[in-house]
Amino acid sequence: MADKKHPDNDASAAGVPDDGTAAAGAAAADAASASEADGTADGIEEDELTVQDILDAAEREEAEPTSEHLADLKRVTAEYANYRRRTEANRAIEKERVTGDIVKVLIPVLDDIYRAEKHGDLVPDSAFATIAAKLRASVERLGLTSFGTVGDPFDPTMHEAIFQQPSAAVDTETVGDVAETGYYLGSTLLRAAKVVVQVPSDG
């Protein structure tokens with residue numbers, strides 16, 4: 001009985017020429033093996049990275065920072081400067097608000113002192129006059145300033161007119177009398193001065 005021949009043997013026996021497929025496959029296998037070997041080598045190199053390598057790289061970056069890192073540093077510095085300015089501004093506003101709340105409680109007492117002084121009840125060198133002077137000095141240290149004096153030009157942004165009085169003695173609207181003193185705390189208007197306004201008369 002005849003032996004069965006392998007197809008490859010038949011092809012060789014039949015004289016079919018080799019088209020190089022086998023050789024190409026072998027070359028591809030060799031390349032894949034080489035690639036895997038390279039990958040393994042790369043992995044080994046990465047595994048060999050030491051802490052000292054990282055520290056050296058950080059020192060080089062610090063000595064010669066990249067333009068990207070310089071831009072980040074400038075941005076962070078600018079943001080911090082803006083934060084400080086906002087914080088200081090908010091702190092000043094909050095301080096003025098709290099001081100204003102305290103001073104507003106004392107304004108009625110200052111009104112009583114002003115009326116007593118206006119009517120001649122604040123006798124110089126008396127105990128009452130001494131206490132009044134200390135109180136005024138204390139609120140002035142807090143930044144409180146009073147305004148509203150007879151003869152001042154009338155200013156509707158800081159004066160509240162309670163009465164108009166025609167007068168031939170004035171050429172412009174002028175404060176003729178002060179019913180209630182006005183107060184500023186720093187640049188903040190706490191209370192407008194209530195005044196009698198003298199206006200030029202036709203006659």
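In which sense do strand β4 and β5 pair, and over how many bridges? Strand β4 (residues 182-185) pairs with β5 in the antiparallel sense, over three bridges.

## Basis

This is a predicted model: local features need pLDDT of at least 70, side-chain atom pairs count only at pLDDT 80 or more, and totals for chains, interfaces and linings use all residues. Residues are numbered from 1 along each chain as its sequence is written, and side-chain values use heavy atoms, with hydrogens and water left out.

## The sheet

Three strands form an open, antiparallel sheet in the order β1-β4-β5. Strands are DSSP runs (E, at least two residues), and helices are DSSP runs too (H or I, at least four), numbered from the N terminus. Pairing needs at least two DSSP bridges between two strands. The edge strands are β1 (144-147) and β5 (188-191), and each pairs on one side only. Y183 stands opposite R191 in β5.

## The largest pocket

The largest pocket holds about 230 Å³ of space. Of its 14 lining residues, R136, E140, S146, T181 and Y183 are the closest to its centre. β1 gives the largest share of the lining, four residues. α4, α5 and β1 each supply at least two.

A pocket here is an open set of points on a 1 Å grid over the protein atoms alone, where a 1.4 Å probe fits, with protein on both sides within 12 Å along at least five of seven lines; lining residues have an atom within 4 Å of a point. The volume is the space filled by probe spheres set on the points, which are joined across faces, edges and corners.

## A loop residue

D125 lies in the loop between α4 (67-118) and α5 (127-141). D125 is not a glycine, yet has a positive phi of about 65 degrees.
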